Amino acid sequence: MKLGIFGGSFDPVHLGHLLVAQAAVEELGLDRLYFVPAAQSPFKSDSHAAPAAMRLRLLRLALAGKTNCEVDDQEIRRGGISYTVDTLRDYAGRFPGAELFYLIGADNVAKLPEWREPTELARLAQFIVVPRPGLSELPFPAPFRGKYLKGFPLGVSSSQIRARVRSGLPIDPLVPEAVAAAIRGAGLYLG
Ligand code: ATP
């Protein structure tokens, strides 16, 4: 069984994330892909982050009706700073014998050695890199292994969505319709 795990802040989820998912399912032939929103990323300050419950709700709206994809709220339930190694250990324990693929955008490749317990991480999963416009293919830093996907490179980021909301610009084409409506309804990212 081939399982994909896609971690991130998802603050908010956007079309770039959904295209990562589509590329991974198609190019790797995943049986299932789990989106795992972080409680708190070790690399991001949470001063302007939307509450975890809201990020989770937006993800569920974005993935509604998509077969193969589901949301796993384990990092939010654990709370505190979220470390991928804890999540991968959980998957390895629950799905013995499954091949685990951890998805990252190209912006994360150079930073992999700074993640907690790199040797264990590299043992537990292959790292699958999805291109982001403007970023070239760097070799995998040791001891990580994995590959690059062709993907559907799209220059959309959560910070861009938050900035557009703050500036009163439309976000409709950049996030699923239900997500845009929920962001507006809850008055997120205005401040
Ligand atoms: P921010 O702009 O707040 O830093 P982000 O858009 O990078 O956020 P995250 O939730 O931090 O979103 O990303 C989760 C994962 O998805 C990361 O591995 C990131 O590299 C990847 N990712 C996000 N957007 C894209 C995109 N447009 N193309 C490819 N990968 C992406």
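**Salt bridges in a predicted model**

Colleague: At what N to O distance do the side chains of Arg89 and Glu120 meet in a salt bridge?

Modeller: The model is predicted: local features need pLDDT of at least 70, side-chain atom pairs count only at pLDDT 80 or more, and totals for chains, interfaces and linings use all residues. Numbering starts from 1 along each chain as its sequence is written, and side-chain values use heavy atoms, leaving out hydrogens and water. A salt bridge puts a Lys or Arg side-chain nitrogen within 4 Å of an Asp or Glu carboxyl oxygen. For Arg89 and Glu120, the N to O distance is 3.6 Å.

Colleague: How many residues apart are Arg89 and Glu120?

Modeller: Helices are DSSP runs of H or I, at least four residues, numbered from the N terminus. Arg89 is in helix H4 (residues 84-94) and Glu120 in helix H5 (residues 118-124). The pair links distant parts of the chain, 31 residues apart.

Colleague: Is Asp73 buried or exposed?

Modeller: Arg60 forms a salt bridge with Asp73, the closest N and O atoms being 4.0 Å apart. Buried means under 20% relative accessible area, exposed over 50%, partly exposed in between (1.4 Å probe, protein chains only). Arg60, at 43%, is partly exposed. Asp73 has 19%, so Asp73 is buried.

Colleague: What separates Asp90 and Arg94 along helix H4?

Modeller: Their side chains meet in a salt bridge at 2.9 Å, N to O. Asp90 is partly exposed at 26%, and Arg94 is partly exposed at 43%. Because the two are four residues apart in helix H4, the separation is about one helical turn.
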